[in-house]
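Hi,

Here is the structure I promised to send over. Have a look at it first, and my notes follow below.

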Amino acid sequence: MKNPSLKVALCGLSLRTPIMTASGTFGYGLEYHPLVDFADLGAVVVKGTTLEPWLGNRPPRILETPSGMLNAIGLENCGVEAFIHDKLPKLTPYDLPIVVNIAGRTVDEYPQVIEHLEKAQGIAAYELNISCPNVRQGGMAFGTDPETAASVTRAAKAIASRPVIVKLSPNVTDITAIAQAVEAAGADAISLVNTFVGMAIDIHKRRPVLGNKIGGLSGPCIRPLAVRMVWQVAQAVRVPVIGMGGIDSWQSALEFILAGADAVGIGTAFFVNPGIARDINQGLLDYMQKEGIDSISQLVGAAWK
Amino acid sequence: MITCQAKVILNREVKPGYYLLRLVSPEIARKALPGQFALLRCSTKDLTDPLLRRPLSFHNVTKEQGEISFLYQVKGKGTKELTRFVPGDTVDTMGPLGKGFQLEPTKGPIAIIAGGVGVAPLVYLACMAHDKGNTVYTFLGARSTESLLADPDLVRASTRFFAATDDGTEGFCGNIIELLHKETNHLATCTAAYICGPEPVMAAAVSLCAKVGIPCQVSLESTMACGVGACLGCTCRTTRSHNYSRVCTEGPVFDGREVILDEKP
Ligand SMILES: Cc1cc2nc3c(=O)[nH]c(=O)nc-3n(C[C@H](O)[C@H](O)[C@H](O)COP(=O)(O)OP(=O)(O)OC[C@H]3O[C@@H](n4cnc5c(N)ncnc54)[C@H](O)[C@@H]3O)c2cc1C
Ligand SMILES: Cc1cc2nc3c(=O)[nH]c(=O)nc-3n(C[C@H](O)[C@H](O)[C@H](O)COP(=O)(O)O)c2cc1C
Ligand code: FES
């Protein structure tokens, strides 16, 4: 048999492997260099970028929980202009598709960030983080209401010349309704899941541990919740799906692919094992070799039948 | 910065609740500087709890033997798991990370000020300063003799060694700040001070250094995830800028004048 292939085509991007980084866990790409070999990645998704610089939340910002972690970074970032001038040029020389994750406080801020990014070279796609609170709607996240999620998507699509991936919040009653709404609004792909809202209390101080009180839960503890959502969304939409949430091995990456994910995102696992992408690629290749499968795409959604 | 499976040569309780861990990693030993740290995986490979790596400062490094050692206090899940490692096991170790101490270029006297397990990053520094020919005044505080971490290498590197215990079971009876006040004549002759310990101790030591007019550096702690500046989880406030600084990359060692410390015990 010829060598199995991990290549994936995803809304116009060609990825050498389905392994992508999850936004916010991999900085602007170079922090982990040279611990992570870019040849092991299909694409890099950078930290959430906003129109103006955001300061972020007060510490403590992270806390370990059983088989997971809570974070409340508060989208600290240097703003889109500094991103374009200081961060992006350092990453573009590498042979690796760059996806820019975008966040905002109002619907209008998303296309405004894209307007700046359109002038920059070397970006492969945009990913809209719609898990952040919408200040115009009393802080309710854009991604918790199908109509608001669709309007963010439409506003972005109206101006973007590059593919738009919409990243869904799992903190909703019916994630398929949101997925279908953003697909109808023109999303080129859907990624899921962002973190689950959670919190922890310091029993000695009798106060929330995180400076922001509540935070987002990630890591292996959310994996079954995320797999269920990917399973449902992938069957409810036609656009490609990027699955993530607690992936920390080739087996767990494969689980998402079998549930219908065309590609997968790795977040928290990088903190534990910076070599995780290499390990997953190797594990997937060995599995495919053994099972006589020549393209990873044959396994996408293979658990549906 | 590398990750490696470092072989354990020693993991011994030196005082109740405090362990000395010595690992073999020639690559890390070659590059490690005083004040830098490593991230250690405290569980065997496939366990997800404890999940994140734990940061520990280099306690001492012997480049010739390719050995790195850590002095750690058993605090919670991670450090408790770490006590289970025995010689021959390997620990998944990532390092060296962060920005360490800037050692004074002159041969002037320096002060080492440590509270509790805060002594951990200062031993390597004291040894290096001693080898370079600096006079080293060491001020070490603890609750009692049971937890006073007077490492033999530190004692050897110190020109003068001052200990303080809260209960008076060893050295000066009182806390380290009271000891420093008593010894300000020594402190005032120093060209720099290097401080690590609980935040209120560091805050008091920093203001004392300011009072006697000597520059100082402090090593901060923070909860960490990535250790390389990617996650923005470990940030602290400094007077350097209006933005947050990352303890893992801009620190853990900061200029005493720029950190904002919590003075409350
Ligand atoms: C750069 C750096 C260098 C360091 N160097 C050293 C060193 O050389 N030596 C050393 O001993 N330490 C050092 N530390 C500190 C060390 O990293 C921590 O002590 C260690 O990570 C604790 O891990 P743990 O799993 O044992 O404790 P954890 O389980 O992470 O818990 C830490 C503490 O928090 C408490 N806790 C957890 N959850 C709650 C809750 N809900 N309410 C109240 N309390 C709670 C636990 O009981 C425990 O006391 C360093 C830290 C940094 C950032
Ligand atoms: C420290 C941290 C920061 C994050 N920042 C962002 C962000 O800026 N934008 C975003 O869309 N998702 C962010 N996320 C969510 C991750 O991209 C990912 O969706 C989530 O962590 C689940 O994957 P995991 O379990 O593999 O980490 C962040 C997660 C973590 C742990
Ligand atoms: S621990 Fe991730 S930025 Fe410092």
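To start with the ligand: which chains surround ligand 1? Residues of chains A and B do, so the site is shared between chains. Please keep in mind that this is a predicted model.

The shell around ligand 1 holds 29 residues, and the closest are B:Lys75, B:Gly76, B:Gly78, B:Thr79 and B:Ala120. In chain B, β4 (54-57), β6 (67-73) and α2 (77-82) are the elements that give two or more residues to this shell. Sorted by class, the shell has 16 nonpolar, seven polar and six charged residues. Domain 1 (2-97) and domain 2 (110-221) of chain B both give residues to the shell around ligand 1, so the ligand lies between them.

On to chain B itself, which has seven helices and 16 strands. Its radius of gyration is 18 Å, close to the 18 Å that the globule rule gives for 265 residues, so chain B is as compact as a globular protein of that length. The C-alpha trace of chain B spans about 55 × 45 × 35 Å along its principal axes, and 50% of the 265 residues are buried.

Then there is the packing. The largest nonpolar core has 189 residues, and those with the most contacts inside it include A:Tyr126, A:Val264, B:Ile113 and B:Ala193. This core draws at least three residues from each of domain 1 (2-97) and domain 2 (110-221) of chain B.

Best wishes

How values were computed
Residues numbered from 1 in each chain as written. Chains lettered and ligands numbered in written order. Predicted model: local features only at pLDDT ≥ 70, side-chain atom pairs only at ≥ 80, totals over all residues. Core = buried A, V, L, I, M, F, W, Y, C linked by C-beta atoms within 7 Å. Buried ≥ 20, exposed ≤ 12 C-beta atoms within 10 Å, placed from the backbone. Domains from an automatic or database assignment. Near = placed C-beta within 6 Å. Helix = DSSP H or I, 4+ residues; strand = E, 2+ residues; numbered from the N terminus. Nonpolar A, V, L, I, M, F, W, Y, C, P; charged D, E, K, R; others polar. Rg over C-alpha atoms; globule rule 2.2 N^0.38 Å.
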